[in-house]
Amino acid sequence: MLRSSWIRPSRITSFVYGRAQASLRRLTSISSASETTVDSDMNQPTLQPQQKQQQMSMLRGVSLNGTPLRMLILGAPGAGKGTQSARVRQNFDITAISSGDVLRRNIAEQTMAGRRAQAAVASGSLVSDEIIVELIHAELNNIAGRSWLLDGFPRSIIQARALDSMLEAVGQPLNAVVNLDVPESVILQRIIERYVHVSSGRVYNLTYNPPKVPGIDDVTGEPLEHRPDDNPESFKRRLEQYHALTEPLLNYYHSTGVLTSFSGSTSDIIFPQFYAYLDQRFE
């Protein structure tokens, strides 16, 4: 039976809660300084050079006894992994890596691995573990020595073991894995209202993150798409597949002592827990 270290809103001590609230005030001050244009990968505000320099000076470094943070973020489709990654990045000096963004960029740049991935996608096949591992390996090599947060990989025990081998070979094992525990009913509503700009991966939600013009991407002016499988029936099947792959993955990381789960129905409930965790555990 899975026994991860759960952190729920009702169990956060007054000390931790106070630090988390301070983090939200800091996040508000950072966000208010930015302009309203949209970053190409996370739907986040894009700053002008002077603003970006000012923001970087406000970001906290994150390390565990001087060791850079090497963290995974896990959660069901629609759990808000991208949103949490973006908020962490706004407050801490962490490089956020999305496996989906890495794959799209390599296909667009026609790298060797990108061409192989494109061929798999064009044929209707899944991109192989070998290709995904190769792409992530190259990405992590580019940011060696820095703190990072990885979203979307690994998705199976095979990929998890490949990642561990990759990191242990250079003496840089994972030191944190965060799981987002969001009620399925909440995720389903998000999925139903989700629209995507396919080429960039930008995601919109009709309730809490709508495009400025209905059906149009804020950055390019191109049409947004509602995925055909973003419906209750398909969501149920995808969730079953997710649980089949991820339950063993959560148990795997629990056994190594690096797993923590945060529970909540909204990103605003989960983020203070996430911040408090980083604030307490890392310098």
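These are my notebook entries on a predicted protein model.

**Ground rules.** I number residues from 1 along each chain as its sequence is written, and I use heavy atoms for side-chain values, leaving out hydrogens and water. Because this is a predicted model, local features need pLDDT of at least 70 and side-chain atom pairs count only at pLDDT 80 or more, while totals for chains, interfaces and linings use all residues.

**Overview.** I looked up the secondary structure and found ten helices and ten strands. Both are DSSP runs numbered from the N terminus: helices are H or I with at least four residues, strands are E with at least two. Of the 283 residues, 46% count as buried. Buried means under 20% relative accessible area, exposed means over 50%, and partly exposed lies in between, with a 1.4 Å probe and protein chains only. I also looked at contacts, meaning heavy atoms within 4.5 Å. Among those with a separation of 6 or more, 74% join residues 24 or more positions apart.

A UniProt annotation "binding site", from an unreviewed entry, covers several residues, including G78 and R194. UniProt positions follow the numbering used here, feature names are shortened, and annotations may be inferred rather than shown by experiment. I found G78 in the loop between strand 4 (70-75) and helix 3 (81-91). G78 counts as buried because its relative accessible area is 18%. Leaving aside neighbours within four places in sequence, G78 is in contact with I187, R190, I191 and R194. R194 is in strand 8 (residues 194-197) and is buried as well, at 14%. Among the residues that R194 touches are V203, Y204, R227 and R238.

Not counting residues up to four places away in sequence, R155 touches S99, L245 and L249. The side chain of R155 also reaches the backbone oxygen of G152 at 2.9 Å.

**N209.** I located N209 in the loop between strand 9 (202-205) and helix 9 (232-256). N209 counts as partly exposed because its relative accessibility is 26%. A polar atom of its side chain lies 3.1 Å from the backbone oxygen of V203.

**Salt bridges.** How many salt bridges does the structure hold? I found six, where a salt bridge is a side-chain nitrogen of Lys or Arg within 4 Å of a carboxyl oxygen of Asp or Glu. One of them pairs D268 with R87, the closest N and O atoms being 2.8 Å apart. D268 lies in helix 10 (residues 267-281) and R87 in helix 3, so this pair ties together parts that are 181 residues apart in sequence. D268 is exposed at 52%, but R87 is buried at 18%.

Another salt bridge joins D217 and R202, with the closest N and O atoms 2.7 Å apart. D217 sits in the loop between strand 9 and helix 9 and R202 in strand 9, so the pair ties together parts 15 residues apart in sequence. Both residues are buried.

Conventions. A polar contact is a pair of N or O atoms within 3.5 Å; within protein, one must be able to donate a hydrogen and the other to accept it, and residues adjacent in sequence count only if both atoms are side-chain atoms.
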